[in-house]
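Okay, thanks everyone for coming. I'd like to walk you through one model today, a piece at a time. Let me put it up on the screen.

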Amino acid sequence: MIHTDLCIIGAGPVGLFAVFEAGLLKMRCHLIDALPQVGGQLSEIYPQKPIYDIPGYPEVNAQDLVDNLMEQAKPFSPTFTLGERVDHLDKQEDGSFIVSTSDKTKVHAKVIIIAGGLGCFEPRKPVVENLGLFEGKGITYMVKNPETFRDKKVILAGGGDSALDWTIFLSKVAKRVTLVHRNETFRGAPDSAAKVFDLANQGKIDLILSANLKEVSGNGVLDTVTFLDKSKAEIKIETDYLIPLFGLSPKLGPIADWGLSIDKNAIEVDTRDYSTGVDRIYAIGDINTYPGKLKLILCGFHEAAIMMHSAFKYVYPDQKLSFKYTTVNGVNSF
Amino acid sequence: MVNFTVEDQEGNRQDCEAPDDMGFNLMEILKAYEYPILATCGGMALCGTCHIEILEGKDELGEATDPELDQLENLPEYFPTSRLACQIRISDLLDGSVLKLRGEDQ
């Protein structure tokens with residue numbers, strides 16, 4: 001069990017800046033994010049795009065902003081659980097919470113801050129009957145530990161960079177790798193595409209082009225995947241694993257079940273302190289909504305500062321909070 | 001004003017109109033009509049969540065651009081008629097077209 005003052009769900013720009021604001025008030029933070037890296041949408045979707053509306057930066061590259069926010073949070077030693085989704089919040093008798101993730105990590109926190117953007121990024125799933133039956137039993141949407149696939153038969157479906165990169169990587173680990181793509185060509189990085197064609201020409205992988213996923217079957221665990229080729233003929237392949245790689249898309253997910261007031265996929269908050277209707281749970285950044293809400297990073301930063309001053313009373317119930325400027329007091333690390 | 005028809009995920013059709021002199025794109029108009037479109041990336045052709053199909057009027061609107069195809073190819077399903085709404089400017093080329101929302105991300 002991880003013990004912390006504040007548990008921040010979402011390690012995007014607003015979650016990261018919240019660490020800094022919490023640190024100024026001597027509150028420790030643990031962050032949880034479904035993505036394997038910090039930065040949220042900025043790192044996942046547009047790391048190399050410029051942002052023009054961060055105060056003081058006429059132009060800043062999205063990944064640079066994330067790196068700077070990490071640097072700014074560093075004095076307050078935040079801890080992280082990445083690549084795991086928060087599934088449950090359990091309220092304790094003393095008002096605190098135990099947070100549990102998809103990988104059974106448990107975090108005990110006095111206050112919960114939801115800074116989850118548009119929700120957690122989850123893999124897009126192909127529309128195929130019975131897919132759910134074999135999830136975790138041969139079908140996986142992410143390569144978390146490549147060793148899982150050592151000496152196994154693996155089929156990858158998709159044509160983007162991650163399908164190409166994992167095909168190249170797993171060709172050295174798995175017993176046999178088959179890449180199935182719906183087109184004749186790849187739009188991913190030309191170098192990776194060339195490497196995949198080379199591997200296929202050398203007979204080191206099987207490459208099936210112009211084919212679409214049709215069916216998955218097995219007796220309890222996946223054993224056969226059926227594709228349809230251009231002429232609608234069936235191609236059946238025996239396999240241990242199928243890894244569909246069709247990118248990620250944000251979903252509100254389990255947050256919807258926590259008894260919060262939700263309007264159009266956003267959490268309604270009180271603008272005095274960005275608290276939700278549930279005691280000790282706050283929501284900041286793109287995930288909240290209120291009259292006049294603007295989904296801007298800079299608005300999330302403002303919300304983080306205000307909400308931390310409100311959360312202080314739960315972490316230090318016996319202390320009076322006095323407002324201080326960093327210019328006067330500096331940044332006192334811990 | 002430009003007039004076009006939108007078919008939602010359930011197959012319900014609605015006539016919509018949009019001003020063609022304010023620099024809007026189709027994704028912004030669909031959101032204004034409160035269709036459930038995430039538009040995670042805000043219109044940079046980087047997330048694929050505003051995936052639509054042009055059922056009628058495809059020839060006028062032209063082919064999907066390279067950045068669109070990069071996204072569309074990554075979706076579990078896409079069609080010769082697929083486009084990203086954020087990459088379609090509201091202009092008279094859209095007048096009279098019929099488009100269908102693809103709902104896989106909503």
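Let me start in chain B, with B:Ala45, which sits in the loop between helix 1 (26-32) and strand 3 (51-56) of chain B. Before I go on, keep in mind that this is a predicted model.

Look at A:Asn130, in the loop between strand 9 (120-123) and strand 10 (153-157) of chain A. Here phi is near 70°, again a positive value in a residue other than glycine.

Okay, let's zoom out to the whole of chain A. We have seven helices and 21 strands there. The C-alpha trace spans about 70 × 45 × 35 Å along its principal axes. Of the 334 residues in chain A, 39% are buried. And if you take the contacts between residues at least 6 apart in sequence, 62% of them join residues at least 24 apart.

How is chain A divided up? Into domain 1, which is 2-122 plus 249-329, and domain 2, which is 125-246. Their C-alpha centres lie 36 Å apart.

Now for the helix packing. As a reminder, two packed helices are described by the angle between their axes and the distance between the axes. I'll start with helix 1, residues 13-24 of chain A, against helix 3, residues 62-73 of chain A: the axes are 8 Å apart and the angle is about 20°. That makes helix 1 and helix 3 of chain A roughly parallel to each other, since anything under 35 degrees gets that label. The crossing of these two is left-handed.

Who's touching whom there? From helix 1 of chain A you have A:Pro13, A:Leu16, A:Phe17, A:Val19 and A:Phe20, and they meet A:Leu65, A:Val66, A:Leu69, A:Met70, A:Gln72 and A:Ala73 of helix 3 of chain A. By class, the contact of helix 1 with helix 3 of chain A has ten nonpolar residues, one polar and no charged ones.

Helix 1 of chain A has another partner, helix 6, residues 297-315 of chain A, and those axes come within 9 Å and cross at roughly 35°. Which hand does the crossing of helix 1 and helix 6 of chain A have? Right-handed. On the helix 1 side of chain A, the residues are A:Pro13, A:Val14, A:Phe17, A:Ala18, A:Glu21 and A:Ala22, and on the helix 6 side you'll find A:Ile297, A:Gly300, A:Phe301, A:Ala304, A:Ala305 and A:Met308. The class count for helix 1 with helix 6 of chain A is ten nonpolar, one polar and one charged.

One more pair: helix 4, residues 161-170 of chain A, and helix 5, residues 190-201 of chain A, have axes that come within 9 Å and cross at roughly 45°. Helix 4 and helix 5 of chain A are therefore oblique to each other, and their crossing is left-handed. Among the residues making the contact are A:Leu164 and A:Ile168 of helix 4 of chain A, and A:Val196 and A:Leu199 of helix 5 of chain A. Here the contact of helix 4 with helix 5 of chain A has five nonpolar, two polar and three charged residues.

Last stop, the two chains together. The contact takes 17 residues from chain B and 17 residues from chain A. The side of chain B that touches chain A divides into eight nonpolar, four polar and five charged residues.

You'll find A:Pro250 in strand 17 (residues 248-251) of chain A, and it counts as buried, because it has 25 C-beta neighbours inside 10 Å. Leaving aside its neighbours within four places in sequence, the contacts of A:Pro250 include A:Gly117, A:Leu118 and A:Cys120, plus B:Leu38 and B:Thr40 from chain B. By comparison, A:Lys195 is 55 residues from A:Pro250 in sequence and 31 Å away in space, C-alpha to C-alpha.

That's what I had, thanks.

Methods. Residues are numbered from 1 along each chain as its sequence is written. Chains are lettered from A and ligands numbered from 1 in the order in which they are written. This is a predicted model: local features need pLDDT of at least 70, side-chain atom pairs count only at pLDDT 80 or more; totals for chains, interfaces and linings use all residues. Helices (H or I, at least four residues) and strands (E, at least two) are DSSP runs, numbered from the N terminus. A residue is buried if 20 or more other C-beta atoms lie within 10 Å of its own, exposed if 12 or fewer, and partly exposed in between; C-beta atoms are placed from the backbone. Two residues are in contact if their C-beta atoms, placed from the backbone, lie within 7 Å. Ala, Val, Leu, Ile, Met, Phe, Trp, Tyr, Cys and Pro count as nonpolar, Asp, Glu, Lys and Arg as charged, and the others, Gly among them, as polar. Domain bounds come from an automatic or database domain assignment. Axes are lines fitted to C-alpha atoms, for helices over the stretch in contact, and angles run from 0 to 180 degrees between N-to-C directions. Angles under 35 degrees count as roughly parallel, over 145 as roughly antiparallel, 65 to 115 as roughly perpendicular and the rest as oblique. A crossing is left-handed if the near helix is turned anticlockwise from the far one by less than a right angle, and right-handed if clockwise.
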